[in-house]
Amino acid sequence: MSITIQNVSKHFGSFHAIDNVSLEIKTGSLVALLGPSGSGKSTLLRTIAGLEPPDEGHIYLTGEDATRQSVQERNIGFVFQHYALFKHMTIKRNIAFAMEIRKVPKDSISKRVDELLELVQLKGLGDRYPSQLSGGQRQRIALARALAVQPKVLLLDEPFGALDAKVRKELRSWLHKLHKEVNITTVFVTHDQEEAMEVADEIVVMNKGRVEQVGTPAEIYDKPATAFVMSFIGPVNVLPKSAGLFANNVTAAQNHGAAHSELVFLRPHDVEIQIKPASGFAVAKVSRIIHLGREIQTELELESGQTVTAYVSRDRFDYLKLQREQQVYVKPKQAMVFPAYSI
């Protein structure tokens with residue numbers, strides 16, 4: 001099922017939760033709505049589900065105007081952050097509940113429950129209660145329950161937000177594999193950039209109720225459309241264009257802004273370090289070294305007083321033999337310039 005959001009707005013008093021948003025979500029795609037708290041991503045998801053009626057605009061499901069349809073009419077599965085499982089019911093009964101309400105034959109329910117338990121890799125746990133499962137297992141059951149009635153769209157609101165980092169990492173990979181198996185249009189909300197980049201085929205970056213950019217993870221990271229997108233997706237140094245690092249190397253930056261008031265956005269991976277002076281390199285001093293496993297985070301203080309963060313591979317770090325207070329020479333491999341007022 002495709003989803004078309006056309007000029008949708010949603011206000012809560014004077015607060016514009018969604019501000020004239022238009023968006024196309026293709027059939028069978030896995031899309032992340034990504035943004036900080038208050039960006040409108042959860043409200044947009046709830047509007048798609050029919051839980052929040054829009055004040056303006058239309059929502060089309062496979063070309064049909066669903067703006068005023070009920071949740072049941074839209075045939076959408078919804079998964080909340082905190083599972084919302086029935087504590088007094090077994091796992092099997094939790095999954096079967098929506099089918100029982102729809103008076104699906106008992107034999108069909110039993111077969112479907114068994115299929116779903118196998119799909120979410122929890123076969124054999126159907127007779128347990130939610131309290132007997134881990135957080136990651138409960139979230140899988142919530143997904144199985146949402147899939148029980150064979151919805152045309154699956155919506156997930158911060159599905160892994162309540163879980164610890166290790167479990168979240170495991171479930172991201174699992175969700176991506178699950179999506180390939182069930183081939184259902186899936187939209188999930190997250191404020192975690194890494195989660196969106198790892199799981200989604202396409203990312204919708206939201207800010208202040210508006211869509212800043214839509215693209216693949218690679219497009220969002222490598223070709224950010226706005227200063228907000230570049231600063232929100234992945235680590236970045238934000239420096240005035242007058243900083244010493246760019247005095248002799250302004251051409252390394254791709255200009256996106258007005259000439260009179262600009263900031264340069266530079267990824268830590270795109271800072272080149274040498275230990276000998278060279279043309280186009282600025283003088284800096286190593287102020288801090290942080291070991292992050294496979295790479296080293298190096299804090300560099302420019303002569304202008306600005307601090308630049310650089311990520312260096314372990315091999316490169318060993319070759320340079322970097323130490324605190326050491327004088328080095330740095331240059332941006334590539335950077336982007338945006339107007340100062342755009343962030």
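## Helix H1

Which residues are buried in H1? They are Lys41, Thr43, Leu44, Leu45, Thr47, Ile48 and Ala49. Keep in mind as you look around that this is a predicted model. Helix H1 spans residues 41-49 and is mostly covered, with seven of its nine residues buried.

Just after H1 comes Gly50, which takes a positive phi of about 95°.

Let's turn to strand E1, which runs over residues 3-12 and includes Phe12. Is Phe12 buried, partly exposed or exposed? Its relative accessibility is 40%, so Phe12 counts as partly exposed, since that category lies between the 20% and 50% cut-offs.

Leaving aside residues up to four places away in sequence, Phe12 touches Ala17, Thr43 and Glu52. One of these, Thr43, is among the buried residues of H1. Phe12 and Asp55 are 43 residues apart in sequence, yet their C-alpha atoms are 9.7 Å apart in space.

In soluble globular proteins, nonpolar side chains tend to be buried together. Here, the largest nonpolar core has 45 residues, and Ile95, Ile141, Leu154 and Ile203 have the most contacts inside it. Helix H5, residues 135-147, supplies the largest share of this core, with six residues. Apart from this core lies another, of 26 residues, which includes Ile5, Ile18, Val31 and Ala49. Ala49 is also one of the buried residues in H1.

Not counting residues up to four places away in sequence, Ile95 touches Val113, Leu116, Leu117, Ile141, Ala144, Arg145 and Ala148.

Notes. Residues are numbered from 1 along each chain as its sequence is written. This is a predicted model: local features need pLDDT of at least 70, side-chain atom pairs count only at pLDDT 80 or more; totals for chains, interfaces and linings use all residues. Side-chain values use heavy atoms; hydrogens and water are left out. A nonpolar core is a set of buried Ala, Val, Leu, Ile, Met, Phe, Trp, Tyr and Cys residues joined through side-chain atoms within 4.5 Å. Buried means under 20% relative accessible area, exposed over 50%, partly exposed in between (1.4 Å probe, protein chains only). Helices (H or I, at least four residues) and strands (E, at least two) are DSSP runs, numbered from the N terminus. Contact means heavy atoms within 4.5 Å.
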